[in-house]
Amino acid sequence: MLKFAVCVFVVYVVYMLVQQQFDIKSREQELIAVQQQVEDKRLENKEIERLLESDNEQYVERLAKDEYGYAYPDETVYIDTSGN
């Protein structure tokens, strides 16, 4: 009976170790994806900072309107949804 209990315990421990290895691999892949997202955002922020520091106000204004949906307080924005 003791041998059976030890065998069951060993099988359980091996199963848990294998399961943890799969979890670790999954978390590592998630970490890599998040690190890539962080790096993409960091590069995007650097580009925006560079543009804001430049004297090209028209480009910054167009970028703010087109990419981020900004508008002046007294400006009304119309969006053409007809597809033409």
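This is a predicted model: local features need pLDDT of at least 70, side-chain atom pairs count only at pLDDT 80 or more; totals for chains, interfaces and linings use all residues.
Residues are numbered from 1 along each chain as its sequence is written, and side-chain values use heavy atoms, with hydrogens and water left out.

The protein has two helices and zero strands, where helices (H or I, at least four residues) and strands (E, at least two) are DSSP runs numbered from the N terminus. Its C-alpha trace spans about 85 × 35 × 25 Å along the principal axes. The radius of gyration is 27 Å, whereas a compact globule of 84 residues would have one near 12 Å, by a rule of 2.2 Å times the number of residues to the power 0.38, with the radius taken over C-alpha atoms. Of the 84 residues, 4% count as buried, meaning under 20% relative accessible area, with exposed being over 50% and partly exposed in between (1.4 Å probe, protein chains only).

Helix H1 (residues 2–53) packs with helix H2 (residues 57–68) at an angle of about 145°, their axes lying 9 Å apart; these axes are lines fitted to C-alpha atoms over the stretch in contact, and angles run from 0 to 180 degrees between N-to-C directions. Glu-44, Ile-48, Leu-51 and Leu-52 of H1 meet Tyr-59, Val-60, Leu-63 and Tyr-68 of H2, contact being heavy atoms within 4.5 Å.

There is one aromatic pair, which requires ring centres of Phe, Tyr or Trp (its six-membered ring) within 6.5 Å, with planes under 30 degrees apart stacked, over 60 edge-to-face and the rest tilted. The rings of Tyr-68 and Tyr-70 have centres 6.3 Å apart and planes at 40°, so the pair is tilted. Tyr-68 is partly exposed at 38% relative accessibility, while Tyr-70 is exposed at 54%.
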